[in-house]
Amino acid sequence: MWLQLSKNILRARQWQRGFGLSLTALLAACDGQQSALNPGGTGAESIATLFWWMAGGALVIWAGVMGIALYATQAHPEAHGIRSARWLIIGGGIIFPVVVLTGLLIYGLMLMPQLSSSENVALRIDVSGEQWWWRVRYRTETGEAIELANEVRLPVGERVAFRLTSPDVIHSFWVPSLGGKVDMIPGRTNQLVLEPTRTGPFRGACAEYCGTSHALMSFPVVVMPRDAFDRWLAEQAKPAQTPTSELQQAGRRAFLANGCGACHQVRGTEADGTVGPDLTHVGSRLSLAAGTLPADVEAFKRWIGHSGSIKPDVRMPAFGMLPADQLNAMAHYLSGLK
Ligand SMILES: [Cu+2]
């Protein structure tokens, strides 16, 4: 008997440890760069508050239902008349849910205007979801656009209005740490306002299945102080740097000779394609191919040579047939475009 008991205790301990471990894993998923429960923006804060209220409410209701169930198994079947049973059904089954759900609906509707109101907006950014990357255009005060791709930087503490659309299929723009998600629908422009409350790297993702490489389209979001942001944007507005080293110059020649410019723009060169991402400052980005690879020379080389095996169904041919020295030179040229 003692043996059995100690075995049981051991089993309970193991179970406890397992539970502890999975709880830690679960909670660890709540901080980091992509968590709606570790908000870094006003929209995400309201959403997190709503979530905790709803989770708390669900817990209370669950406890209530369990209490009644437990009571029902213990009580004598004749102990209650039909009248009180009817009140339980009308009260608990109709009045209570109507009151709770109406309250939640009103709260949700009250949150909505501030999530998309364009009052006091300091910055406007147009983002278009493509298969499988993000076209990003910063609107300057004079109305011109500074085009970049696959990365968004924002000044901290300011309201930023995003105009979201798509030329192909439905995507969804979501930076969980900063705010809610909004669909990008062909033929429509949807608005989303984000207001980051702290600096830091965050991560955005496509939240609507859009095809084979849907899971390979994310983007880094960097929230920075206003002056650093202004310096960054001023750099992005400039045309591409002219390469200085011999290797990078050879890379530029190979880039222009192999037809990359039919799909890619590098401002300041004759490459002016618009099918793929603007590469004018691709070397300054934190990741390559929409969060798929790190942004180092090696990754550029791999991407240009094997785009399709890195990202299935990608709309860029692989250039693996080019001589290795050309691939290498292009990788050095592009990663040098700071
Ligand atoms: Cu998508």
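A hairpin of two residues links β1 to β2. The model that shows it is predicted. Strand β1 covers residues 121-130, and its pairing with β2 is antiparallel, with seven bridges. Within this pair, glycine 129 has tryptophan 134 of β2 as its bridge partner.

Strand β2 also pairs with β3. These two strands run antiparallel and share five bridges. Arginine 139 is bridged to alanine 145 in β3. Five residues lie between the strands in this hairpin, and glycine 143 adopts a positive phi there, near 95°.

**The five-stranded sheet**

An open sheet is built from five strands. Their order is β4-β10-β9-β6-β7, and the pairing is mixed. Strands β4 (152-155) and β7 (182-184) are the edges, each pairing on one side only. On average, neighbouring strands in this sheet are turned by 25° against each other, direction ignored. Helix α4, residues 226-237, packs on the sheet and touches β4 and β10. The direction of α4 makes about 140° with that of β4.

Inside the sheet, β9 (residues 200-206) and β10 (residues 218-224) run antiparallel and are joined by six bridges. Proline 201 finds its bridge partner in β10, at valine 222.

| Strand pair | Bridges | Example of bridge partners |
|---|---|---|
| β1 and β2 | seven bridges | glycine 129 and tryptophan 134 |
| β2 and β3 | five bridges | arginine 139 and alanine 145 |
| β9 and β10 | six bridges | proline 201 and valine 222 |

The chain divides into domain 1 (36-237) and domain 2 (246-335). Their C-alpha centres lie 34 Å apart. Domain 1 puts 19 residues into the contact, and domain 2 puts in 14 residues. Which elements of domain 1 supply at least two residues each to the side that touches domain 2? They are β2 (133-139), β3 (145-149), β10 and α4. By residue class, this side of domain 1 has nine nonpolar, seven polar and three charged residues.

**The whole chain**

Seven helices and twelve strands make up the secondary structure. The C-alpha trace spans about 95 × 60 × 35 Å along its principal axes. The radius of gyration is 27 Å, whereas a compact globule of 338 residues would have one near 20 Å. Buried residues account for 28% of the 338 residues.

**Threonine 269**

Threonine 269 sits in the loop between α5 (246-257) and β11 (287-288). Why does threonine 269 count as partly exposed? Threonine 269 has 17 C-beta neighbours inside 10 Å. A residue needs 20 or more to be buried and 12 or fewer to be exposed, so threonine 269 is classed as partly exposed. Leaving out residues up to four places away in sequence, threonine 269 touches Ala240 and Leu256. Asparagine 120 lies 149 residues from threonine 269 in sequence, with 37 Å between their C-alpha atoms.

Methods: Residues are numbered from 1 along each chain as its sequence is written. This is a predicted model: local features need pLDDT of at least 70, side-chain atom pairs count only at pLDDT 80 or more; totals for chains, interfaces and linings use all residues. Two strands pair if DSSP finds at least two bridges between them. Helices (H or I, at least four residues) and strands (E, at least two) are DSSP runs, numbered from the N terminus. Axes are lines fitted to C-alpha atoms, for helices over the stretch in contact, and angles run from 0 to 180 degrees between N-to-C directions. Two residues are in contact if their C-beta atoms, placed from the backbone, lie within 7 Å. Domain bounds come from an automatic or database domain assignment. Ala, Val, Leu, Ile, Met, Phe, Trp, Tyr, Cys and Pro count as nonpolar, Asp, Glu, Lys and Arg as charged, and the others, Gly among them, as polar. The radius of gyration is taken over C-alpha atoms; the globule rule is 2.2 Å times the number of residues to the power 0.38.
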